[in-house]
Amino acid sequence: MKRALNSLRYRFFLALGVVLLMALLALGVIAKVLVIPALLAKEEEYASQELDRAERAINNELKHLSLLNNDWAVWDDSYDFMQGKSPDYLETNLAEGLVFKDANLRLIAFFNPDGSPYWLAGINPGSGEYTSCSSLSDACQWTRQTVQALSTRIQNDTTQTRQTWLQASPERALVSLNPVLRSDGSGPIVGWMAMVRSMNESWFARLEESTGLPLKVRAVRDLTTAWFGTTIERIDEKSMLATRGIAALPQGYHLRLQATLPRQGFKASLETFRFALYWTIGLIIVVVSVVLILLERMILSPLRQFAAFTQQVQSGKAEEPPSALLRRRDEIGTLAREFQQLLELQRRQTSSLVELSHHDPLTGLANRRLFDQTLEETLQQAHLHSQPMGLLMVDIDSFKNYNDHFGHPAGDACLKAIADAMQRHFLRPNQLVARTGGEEFSIVLPGSSEAVCARLAESLRQAIEALGLPHPASEVSPVVTVSVGVACSAPEQPRSPQELVDAADAALYAAKQAGRNQVSMEGEQATA
Ligand SMILES: Nc1nc2c(ncn2[C@@H]2O[C@H](COP(=O)(O)OP(=O)(O)OP(=O)(O)O)[C@@H](O)[C@H]2O)c(=O)[nH]1
């Protein structure tokens, strides 16, 4: 588990996973903090614009009513009527309430200049009947609230000009009030004329037709504060309710304009954003996956191959990096090739160290260590295969005198010459010539019987003598000679290495004792 956690694959996976998570988190935060609030703000702006449009449509309705009222109020017939000079006025213009239906009016009210009602005519909302009265009599009781509000308005009026406003109570309506003047606009004001248009179903239908908005207007009694801002209540994903307060009379009331608006703009923008978000997330996942795959294929997998190779090198199962790694032209290929060169260098150094540790530097012959090793192995093999083997122990005669006579460097040269001669004499691959002492040499002869060993020893002695290396200080010859001790291990009487060495040493001693420059077989007389 710990190994898995420490692996590059896991770390890359973790790092890229964290990057992926952070990217997703950032996208989520961007969506929540920036995009969705911006879309909601845009939706609110849209709702506000729609309510502006609705408000403008209502204002246009007020203007229209005002113009209509003005047409009537600055009409000479109305002027005369207010002065009691037009007895047919009512009969001609207001009879049967046709004008009310045509102009969608609830009430037409005439007032004296002091604000007292002069004539009232309209459609009773309770009964739907046309009523026409000179005062707030029983038949026109239904107009009381509106008429009283209009009277108060006229009494408090200082402008003497036409006015319009919205009425919240007793019913939702548009109201226009005009001074009654001559048709050329000249005065004096002989009274006031008001027109009241109810916000009834047909009015709403017309408004919806002109604005394309399903509008509702509610009267709200709010004695504390009148709120004229816009609020949005999101009903569901498809629709929202936009509300705005608009000023209306009487005091303490206002109208609340409401429109159920579609949210497709927000929905479409949100869909677009989601689409972009999902694509971005998908793209990030694809990029991270591709990076992981590339990492795996280009770096991690070759690195694992490389690690496996180094383990195989340690266990001796491989010597060269896999060819797939060596062929690569990238940094990993360079690493593999450098590693290969390093291995080769190490192998060369190791083999030269082994060479050094097994050979004598002066003569290049095997040293005592390699001799001991070889002797033991050769004896084991000989015992195993029931074969004989021989050991020659060779010592240069009077070498001290040689050194004393010619000097140590010449002694070295002589040692080397004799070593070379011995090496040339025993050329078989399984034969080993070793320098086992200062001027003492040993030769391992696998498979050689006693007789063969004796023959080889003698021919060696002769070969050395035949070299003719001058040795004026020798006690036995004018040239350099050697004494040889021979010992053998027979299959029927196997020996240990030490026994064989001791026997050869004893034979050499015997050869020396017998006068040098001769071969001595163990247990026999030396031969010269
Ligand atoms: N030049 C040189 N001399 C060496 C080396 N190793 C040993 N010797 C000399 O070999 C000589 C061996 O002398 P001794 O052991 O007395 O034997 P010897 O003089 O050959 O007499 P015998 O063996 O009895 O014939 C010594 O003088 C050593 O200094 C070497 O590497 N180089």
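Author: Start with residue classes. Ala, Val, Leu, Ile, Met, Phe, Trp, Tyr, Cys and Pro count as nonpolar, Asp, Glu, Lys and Arg as charged, and the others, Gly among them, as polar. This is a predicted model. By those classes, the shell around the ligand holds four nonpolar, six polar and seven charged residues.

Reader: How many residues surround the ligand, and which are the closest?

Author: There are 17. The closest are Phe399, Lys400, Gly411, Gly438 and Glu439.

Reader: Which elements each supply at least two residues of that shell?

Author: Strand E11 (389-396), helix H12 (399-406) and helix H13 (408-425) do.

Reader: What makes valine 313 partly exposed?

Author: Valine 313 has 16 other C-beta atoms within 10 Å. Buried takes 20 or more, and exposed takes 12 or fewer. The count of 16 falls in between, so valine 313 is partly exposed.

Reader: Where does valine 313 lie, and what does it touch beyond four places in sequence?

Author: Valine 313 lies in helix H8 (residues 264-314). Valine 313 touches Ala318 and Leu343. Leucine 343 is 30 residues away in sequence, with 9.2 Å from C-alpha to C-alpha.

Reader: How do you know what span to expect for helix H2?

Author: Helix H2 (residues 8-73) has 66 residues. The expected span is 1.5 Å times one less than that number, so H2 should span 98 Å. Its end C-alpha atoms are 94 Å apart, which agrees.

Reader: Where does H2 bend?

Author: At alanine 31, by about 40°.

Reader: Which residues of H2 are buried?

Author: Among them are Glu43, Leu51, Ile58, Leu65 and Trp72.

Conventions: Residues are numbered from 1 along each chain as its sequence is written. This is a predicted model: local features need pLDDT of at least 70, side-chain atom pairs count only at pLDDT 80 or more; totals for chains, interfaces and linings use all residues. Helices (H or I, at least four residues) and strands (E, at least two) are DSSP runs, numbered from the N terminus. Two residues are in contact if their C-beta atoms, placed from the backbone, lie within 7 Å. The bend at a residue is the angle between axes fitted to the seven residues ending there and the seven starting there. A residue is near a molecule or strand if its C-beta atom, placed from the backbone, lies within 6 Å of it.
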